[in-house]
Amino acid sequence: MMDNFLTKFVLSGLISAILFGLSPTYAEEFGQLNIDIRYTNGDRASAHNVIMKIYPEGTDDLYTQLKPNSAYPYFVAMLPVDKEFRIDAYVNEMYSGSYNVDIKNNLDEIDFTFPVSSGVKFQVLYDDKFTPIEGAKIQIKNHEGKILLNDFTDKYGKSIRFWIAPTILEENFYEVEISIGENIVHKYSPLILNPGERKDLKITTPWPEIIESPVTIHAYKKDMTPLTFADGKFLAKLYDKENNQVAKSNINIHGEAYFSLIPLGDYRIVIQDSKEDVISFFANQSVTLSNNSQEIEVIGYQLIPPKLLATKENIGFVQQGVTLDTDEEKIIPSTTKKPEIKKLSCTCVAFRFDDVQDYWLNAVQIEVLEVFENRHSPITIGVIGERIGNDQKIISYINASISDDSIEIANHGWDHEDFTLYNKTHQSLLIQKTNEKIQDLFGVKPTVFIPPFNSFNENTTAVMLDNGITHFSSEFDFSTPPYPLVDAELYNFPQGAFTGELTQNKNFIVGISHKLTLSQIKQSIEEFGFAVVTMHPQEFSEIKKGQYLNQVNEKQIRELELLLDRLRFEEIKIVPISEINLDSNPNNSIPKWIKNTAKWWADGTISQEEFVIALQFLVKENVIFLQDLTVVNENASQDIPLWIKNNAEWWAEGKISDSEFTLGIKYFVENGIISV
């Protein structure tokens with residue numbers, strides 16, 4: 001009977017529930033939770049790339065996952081009331097904290113606090129640990145391999161500062177991937193960042209700046225037989241990503257070409273006839289050159305029958321990767337681009353050797369000067385007036401070098417004082433005293449001034465002009481560009497490169513790698529058209545027990561020798577400071593034979609055409625520099641005015657100066673008599 005009663009009771013309850021619904025006592029109640037996110041410093045955090053994972057307290061069973069909704073400035077979750085949950089936050093899959101919550105109302109709000117972002121900035125270097133890599137691609141990935149951020153390094157090898165979530169859990173980290181070519185990749189891992197940390201990280205790659213071992217190119221025809229002299233004479237050319245030709249080499253009898261001293265990176269190899277006006281064989285192949293690439297095979301994809309030899313205009317068209325159809329009787333010429341207007345550049349570097357004085361590190365001073373003398377390279381030395389005159393070793397060496405034109409003497413102040421601390425009259429007196437001292441000791445009056453501490457003001461520039469100074473060199477922090485290379489009353493060529501640097505505690509100047517100095521030189525030339533390298537005796541001396549010794553640091557002397565040799569190899573001229581400007585032409589004076597030619601033209605011994613050819617040579621070879629030219633008539637009559645002929649005769653006889661005669665040449669160019 002009891003069993004029948006229970007059965008009837010249960011059935012009755014079920015029927016009631018179906019007919020009238022469950023009592024609120026038995027239904028699960030939900031509440032809305034609004035989650036606002038902030039940093040520990042109180043600032044509002046961005047919801048971008050944030051994920052909230054919600055778990056019932058005490059378990060790792062995911063209850064729900066929240067992603068940012070652009071319609072809300074916060075996250076919204078619907079959770080059961082009176083139950084505890086753990087909320088874990090992730091930024092770019094990086095754990096950023098947890099929050100325990102127990103919903104008590106239909107609507108609750110919490111502030112979820114994130115740790116402050118970390119900032120990291122990179123500098124990418126070659127394997128010498130000094131030379132920066134420009135244009136390297138940097139990618140930051142999380143520990144799951146997802147790419148988060150990327151950038152390219154500037155000419156100093158530096159990236160922007162990336163602001164990313166710190167790594168809190170031990171298993172969380174970042175990986176930095178650096179690449180300078182399709183197959184040239186270096187990885188730095190793990191990158192660990194603390195909350196709020198600002199990190200400047202130097203990453204040294206395993207890559208040399210230059211591939212010193214020869215790279216052999218094997219040229220093949222389509223049938224994979226070598227390209228030999230039986231097929232003709234051919235040339236291999238190497239182009240960089242900007243389509244600039246960086247090297248070329250003849251294909252030898254074995255179908256091989258060789259490249260050396262090539263920077264790492266992606267290139268395009270083009271093989272074509274040695275004669276630039278024809279193309280009978282052509283290959284165009286992309287390659288990646290690294291320190292592991294010693295043998296490269298290049299296969300020609302186009303062999304053009306002799307009847308379809310391309311003209312010179314077509315070479316550029318084919319080099320862009322366009323296949324020529326041998327069934328066609330006509331080859332489409334490429335579009336000729338107008339040449340780009342380039343800013344003035346001397347493509348030159350001057351070395352200034354500061355703080356030359358009696359006795360102090362005199363053996364080191366002389367050793368540095370001898371490096372330049374042995375390589376027939378000029379150097380500008382900054383002499384301190386009050387501190388020179390008694391050391392015959394130094395004085396004798398400088399006097400001997402002046403006679404060889406290997407040393408230019410600059411005024412480096414009277415007692416290495418800061419000129420900006422003195423009025424105009426006192427500044428002028430300091431320059432005068434040093435000039436007179438140098439004149440007495442060495443028989444020359446300086447036209448170059450190197451301000452002590454690189455410090456100068458308007459009074460300094462005024463007294464420089466008053467005392468016959470035509471050039472000075474300070475630093476970029478004290479002056480603003482542009483720095484004219486022509487037509488300036490007072491030329492300012494600031495330092496842009498160095499052979500030494502201060503130690504971290506700034507107690508000593510120590511030498512640096514020639515590769516780093518070379519990189520600084522190139523950066524300065526690229527930006528300003530010239531470079532000035534500052535040197536001090538200290539960086540070439542030995543240091544012992546916190547003191548500079550009058551002993552040569554052979555390693556740094558060797559770095560200097562390598563630097564000068566590399567500049568010569570790369571055809572960067574070395575000049576004294578006074579010869580950086582393009583209108584100085586100190587070594588390009590008009591040759592004597594031109595004066596004879598002018599005399600012969602004036603007296604009718606040679607024709608006008610022969611004289612014009614001689615002048616055309618001078619202008620084209622930049623022996624005579626002409627500025628502010630305005631061609632008024634390109635098709636002018638070839639008759640030369642009588643006054644030009646008179647000028648030529650007077651110039652040949654020494655009655656007028658080179659500059660006065662140059663005015664006549666300028667007339668030739670502007671009126672179309674000489675084309676340049």
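This is a predicted model: local features need pLDDT of at least 70, side-chain atom pairs count only at pLDDT 80 or more; totals for chains, interfaces and linings use all residues.
Biologist: Do the buried residues of H5 lie on the same side or on opposite sides of the helix?
Modeller: The buried residues of H5 are Gln427, Ser428, Leu430, Ile431, Thr434, Asn435, Ile438 and Phe442. Around the axis they cover an arc of only 160°, which means that they lie on the same side of H5.

Biologist: Which exposed residues does H5 carry on the face turned away from its buried side?
Modeller: A residue counts as exposed when its relative accessible area is over 50%. On the face of H5 turned away from the buried side, the exposed residues are Thr425, Glu436 and Asp440.

Biologist: How far does H5 reach from its first C-alpha to its last?
Modeller: H5 runs over residues 424–442 and has 19 residues, for which 27 Å is expected at 1.5 Å a residue. The reach in the model is close to that expectation, at 27 Å.

Biologist: Is the disulfide of Cys346 and Cys348 left-handed or right-handed?
Modeller: The structure holds 1 disulfide, and this bond joins Cys346 to Cys348 with an S to S distance of 1.8 Å. Cys346 counts as buried at 4% relative accessibility, and Cys348 counts as buried at 1%. Because the torsion about the S-S bond is about -80°, the disulfide is left-handed.

Biologist: How many residues apart in sequence are the parts that Phe351 and Phe372 tie together?
Modeller: The count of aromatic pairs comes to 14. In the pair of Phe351 and Phe372, the ring centres are 5.1 Å apart and the planes are at 70°, so the pair is edge-to-face. Phe351 lies in strand S25 (residues 348–356) and Phe372 in helix H3 (residues 362–374), so the separation of the tied parts, in residues, is 21.

Biologist: Which residues do ring pairs link into a cluster?
Modeller: The rings of Phe493 and Phe530 have centres 4.9 Å apart and planes at 65°, so this pair is edge-to-face. Both Phe493 and Phe530 are buried. The cluster linked by ring pairs consists of Tyr483, Tyr491, Phe493, Phe528 and Phe530.

How values were computed. Residues are numbered from 1 along each chain as its sequence is written. Side-chain values use heavy atoms; hydrogens and water are left out. Helices (H or I, at least four residues) and strands (E, at least two) are DSSP runs, numbered from the N terminus. The expected span of a helix is 1.5 Å times one less than its number of residues. Buried means under 20% relative accessible area, exposed over 50%, partly exposed in between (1.4 Å probe, protein chains only). The arc is that of the directions from the helix axis to the C-beta atoms. A disulfide is a pair of cysteine sulfur atoms within 2.5 Å. Rings of Phe, Tyr and Trp (its six-membered ring) pair if their centres lie within 6.5 Å; planes under 30 degrees apart count as stacked, over 60 as edge-to-face and the rest as tilted.
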